[in-house]
Amino acid sequence: MNFKVQSISPSIGSIISGLNLSEPLAPHVLQELRKVWLQRKVLVFPKQSLTPQQQVDCTRQFGELDQYPFIEGIKGMPYVAEILKLPNEEINFGGVWHSDTSYLINPAAGASLYALEIPPIGGDTIFCNMGAAYQALTNDIKERVNPLNAVNTSNKTAVSKTRAARLGKNIEPDVYTHSHPVIRTHPETGEKTIYVNEAHTLCFENWSEKDSQPLLNLLYQHARKPEFQCRIKWQKNMFVLWDNRSTHHYPINDYTGYRRLLHRVSIKGDIPT
Ligand code: SIN
């Protein structure tokens with residue numbers, strides 16, 4: 001291996017050292033790194049020095065890029081979204097457990113974040129391994145959820161609130177709604193993962209919201225077990241890349257009074273099957 005890999009938790013997440021992401025990766029290194037990304041789902045690269053263009057170029061090595069639907073990119077860079085919380089703001093962006101853009105027909109395959117300003121304490125992001133969570137379901141629950149689809153929408157109130165402060169001036173808050181399988185099969189690894197999330201999933205297809213809630217809640221509570229998680233403690237200049245098809249994440253909102261700024265780049269995904 002051309003780099004060092006250190007697990008963050010047994011289930012998910014690895015710290016990668018020995019690579020300089022400001023330069024293109026050699027094809028054999030990229031191939032090895034992609035394998036680790038798919039297997040460990042979240043890769044953390046401390047102490048990188050990246051301009052927005054270098055973050056774009058680095059992320060593009062993992063797939064075609066996509067624009068995040070609700071935030072304008074920074075000046076001249078449509079793929080680079082600012083994830084900013086100001087000291088006087090109460091609500092953080094995306095602060096509900098979620099998988100990115102599951103309300104689109106082809107939700108993001110992954111994304112990267114690059115840390116520019118981090119509070120002195122707090123503001124960590126937790127990721128959970130939705131493949132491990134699926135495996136640990138009882139056979140009875142697996143049988144119940146395997147055939148189901150779920151309706152995902154962009155305008156559930158709790159998550160819409162987290163975006164309100166960051167909506168670009170020229171961006172109309174459109175509503176996107178799509179149904180996807182509750183259990184999806186990862187297009188590259190074949191792994192089955194739970195694909196409903198609290199931020200965007202409204203109900204099971206052809207079920208009422210009320211009837212859907214108990215089973216959805218069971219899946220959410222199950223998936224959040226600490227055994228399936230890793231916690232990223234941000235440092236300035238840290239670059240994190242995650243696989244959005246097999247993870248959920250939760251940015252912790254425990255740093256009100258401090259500024260937190262990251263740049264985010266999304267990778268285009270397939271239609272979940
Ligand atoms: C996001 O959900 O993309 C934001 C994650 C974070 O702020 O840590």
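**Exercise 1.** State in which loop Asn 197 is found, and decide whether Asn 197 is buried or exposed.

*Solution.* Step 1: Asn 197 is found in the loop between β12 (192–194) and β13 (201–204), where strands are DSSP runs (E, at least two residues) numbered from the N terminus. The model is predicted, so local features need pLDDT of at least 70, side-chain atom pairs count only at pLDDT 80 or more, and totals for chains, interfaces and linings use all residues. Residues are numbered from 1 along each chain as its sequence is written, and side-chain values use heavy atoms, without hydrogens and water.

Step 2: Asn 197 has 0% relative accessibility and therefore counts as buried (under 20% relative accessible area, 1.4 Å probe, protein chains only).

Step 3: A polar atom of the Asn 197 side chain lies 3.1 Å from the backbone nitrogen of His 200.

**Exercise 2.** Identify which residues have a polar side-chain atom lying at a stated distance from an oxygen atom of the ligand.

*Solution.* Step 1: For Thr 125 the distance is 2.6 Å. Step 2: For His 98 the distance is 3.0 Å. Step 3: An N or O atom in the side chain of Arg 260 is also found, 2.8 Å from a ligand oxygen.

Step 4: The ligand taken alone exposes 260 Å², of which the protein buries 99% (Shrake-Rupley method, 1.4 Å probe).

**Exercise 3.** Describe by class the shell around the ligand.

*Solution.* Step 1: Among the residues around the ligand are Ile 83, Leu 113, His 249 and Arg 264. Step 2: The shell has 3 nonpolar, 3 polar and 2 charged residues. Here Ala, Val, Leu, Ile, Met, Phe, Trp, Tyr, Cys and Pro count as nonpolar, Asp, Glu, Lys and Arg as charged, and the others as polar.

How values were computed. Near = heavy atom within 4 Å. Polar contact = N/O pair within 3.5 Å; in protein donor to acceptor, adjacent residues only side chain to side chain. Helix = DSSP H or I, 4+ residues; strand = E, 2+ residues; numbered from the N terminus. Buried < 20%, exposed > 50% of the residue type's maximum accessible area, 1.4 Å probe, protein only.
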